[in-house]
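Here's a quick briefing to read alongside the model. Take a look at the structure first, then work through the notes below.

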Amino acid sequence: MSAPDTQRAPLVSVMLASAAALAWEILLVRLFSISHWHHYAYMIISLALLGYGVSGAFLALFQERLRRHFAGAYLANLLLFPLAMLLSYLLAKQSPFNPQEILWDPRQWARLAGIYLYLALPFFFVANAIGLALMTCRRSTSRVYGADLFGAATGSLGIVALLFAVFPDTALKLLAALAGAAVLVAAFELRTRRVVFALLVPPLAALPFLIPSAWLQPGMSPYKDLSQALQISGTRIIEQRSSPLGLITVIDNPLIPLRHAPGLSLNAAAGPPAQLGLFVDGNGPSAITRNNEDADALAFLDQLSWALPYHLRQPQSVLIIGAGGGSEVLQARHLGARNIDALELDPQMIDLVRDSYGDFAGHLFSADNVRVIASEARGFIEATPQRYDLIQVALVDSFGASAAGLYALSEGYLYTVEALQAYLGKLAPDGYLAISRWIKLPSRDAPKLFATAVTALENAGIADPGKRLALIRSWQTSTLLIKNGDFTRTETEGLRRFCRQRSFDVSWYPGIDAAEVNRYNVMAQPQLYLAARALLGAEREQFIAGYKFNLQPATDDRPYFFQFFVWRSLPEILELYGRGGAPLLDTGYLILFATLLQAIVASLLLILLPFQVYRRASGSDAQGAQRWRVLVYFTALGLAFLFLEIAFIQKFILFLHHPLYAVAVVLTGFLLFAGAGSLYSQRLLQNHAGIAVPVTVIALTSLVYLAGLDNLFTPLGAWPDAMRIAVALLLIAPLAFCMGMPFPLAIGRLGQSAPQLIPWAWGINGCASVISAVLATLLAMHLGFSAVVVMAVVLYGVAAVSLPR
């Protein structure tokens, strides 16, 4: 066998294993988003990735034995990776873990720990393989790290493409087969046991396809909307479609028909006609309504709170944001709109309504005056020259998830100050922007949206925003109208008449009298009226500071509209939880915070254990100083790399006009160009260069982008998709190229001076990366992504001065 220092690097198998690992990570998020909710998926996957940290500790403690048997250890870990991938998911899927009970049932914590353990196993084995290659092939560390990054880039792009073609359970089988193929490639690269593995690997690659698909399909939480709907006698699933954007499920119930009309007036003479339910990842529903062009059957559409603008003046051109099953499009046609544009992010949703259920929907999406566009709202708004009499955003999330605070971690650019300014900029004179939200008590969505509208109008130079705002509520929904002009007396009279006829409550319009509010759907206090009055008055800041929820307007730099949690309410929440205080609880934020604490505790244990072993093995001051440098350097590097990556994914979402494109392009671009930088760093290492130059370029480029990207993106926003993707990659290239250098340069130095510290450095970097993903989100919620970029630059500076000697 080759001497360890001259061991041939198994670059192709490293690349294949890395591709399978990152694709598996992204696929797990999809699987757990379906079975639970995406923020629980976020927590579970973040902690499972600590398998990389466990690997670093394992390699550090047993490195000499593993290096002596490199080929066998490398192949064994690659072989265990796909087996653990399948087994761990099957075990995690069988766990009775129920996240809704985690606050009061101690057993749920033990079950959650079990899921962590199961899901960490495949990451542990693949990290062992890559870490072994890094610490053994010391003359090729830059190439090994580059292969790791190139593979990750391929995996991130490949899994997104794959999920357009197959369901998640099939994707899992294909990934396990790919990981199995890496074993055979590795055997040929290492020139060992090739015949044995040539016979062993084909059955291993075929094994996933022998597992029944039902075993691998994600089981859905009983608390999800779809699970609840399926409990109703007669409900049946009639179609499912899957993509990276979500699993769409269509249900029917001929026995007990679905009736979906949120906040329908209690005075309505009749409900909706026959409907099909639509759920995305088990959340919903929205509905496809049977359309026979029968005006009486569609009369219910005029009894919803968001029908209000049609009663103040007759809009001729309407833009619907979030077409979904077509309810708002149907309403616009029913109430006389002549030209309707409807935006829908998921093309599969459009296909369902237009093609699969076109007859049922009365070919709504193919009507002469309807244009349905597969587009993200902000991108379309920025690119279109069209002006609209009405722009409508109605209930684009499910009530159940929204009420539980489950969207708190979702970055969303629909409800930011800049988004409202963009919508208002596309209104015709005297046009309306109508935004409808769910009513949740105590009130949070409507007051925060009202505060956002006030700020947007003030930023546009409107001296008295109250004259352009109107707010009403039904028993379940609220509708905010923002007018491109002051409301007239005729319009306010129309608003009052509309509410009176439907028993809806007025909460704000110019000249409102306090005696008019809280008449029909009576609350203990007229919360929305009091909030609107305070947010328009001099006491706005004091009101926001003292409210039970976070009402600070979301911005493009802090795009977390649904983050309502404030720490000052926690004592009251805990006191009231067993007595009906659950509506105060913003589950998503607390889960994220708990994830960070767990990641920090686990990382400290994984990092300090090898540290103590090294300290006992050698007590010299020089080696002690080197250990501290390694700890500081790789911690700073792990945090900084993902800080920049996550922050710039957010920056590019608005430019690329699609969150999926942004994640795929930016993540792939960062990993690809970082891999190229890693390969180039081999030349710098041979010349004994430091990291001052790449860190300086990273810092300057990041700060320049921070100051100028928005100004650059504005004129380029109307360019075709392909050109914007090319621009994005060109902008990413110099930053990511330099970001790929510091890790292999330091590993190369350690290979020359303290090779026993390499596996520990690998583990530190893995632990820091896990913490970084969670910490970056928390920091962005409170300080904004610009602050995250600045912190990343500072961390790169810390790394530069602590580079191991």
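**Second largest pocket**

The lining of the second largest pocket splits into nine nonpolar, four polar and seven charged residues (nonpolar is Ala, Val, Leu, Ile, Met, Phe, Trp, Tyr, Cys and Pro; charged is Asp, Glu, Lys and Arg; the others, Gly among them, are polar). This is a predicted model, where local features need pLDDT of at least 70, side-chain atom pairs count only at pLDDT 80 or more, and totals for chains, interfaces and linings use all residues. Residues are numbered from 1 along each chain as its sequence is written, and side-chain values use heavy atoms, leaving out hydrogens and water.

- The volume of this second largest pocket comes to about 430 Å³.
- Out of 20 lining residues, R378, E382, D556, L654 and D710 sit closest to the pocket's centre.
- Helix 22 (621-656) is one of the helices supplying at least two lining residues, and helix 22 gives the most, with five.

**Helix 15**

- Helix 15 (417-425) also supplies at least two residues of that lining.
- Its buried residues (under 20% relative accessible area, 1.4 Å probe, protein chains only) are V417, A419, L420, A422, Y423 and L424.
- Among the elements covering those buried residues are helix 13, strand 8 (388-394) and helix 16 (445-459).

- Four strands make an open sheet in the order 1-2-3-4, with antiparallel pairing.
- Strand 1 (236-243) and strand 4 (283-289) are the edges, each pairing on one side only.
- From one strand to the next, the twist averages 25°.
- S242 has L247 of strand 2 as its bridge partner.

Conventions. On a 1 Å grid over the protein atoms alone, a cavity is a set of points where a 1.4 Å probe fits but cannot get out, and a pocket is an open set with protein on both sides within 12 Å along at least five of seven lines; lining residues have an atom within 4 Å of a point. Grid points are joined across faces, edges and corners, and a volume is the space filled by probe spheres set on the points. Buried means under 20% relative accessible area, exposed over 50%, partly exposed in between (1.4 Å probe, protein chains only). Contact means heavy atoms within 4.5 Å. Two strands pair if DSSP finds at least two bridges between them. Axes are lines fitted to C-alpha atoms, for helices over the stretch in contact, and angles run from 0 to 180 degrees between N-to-C directions.
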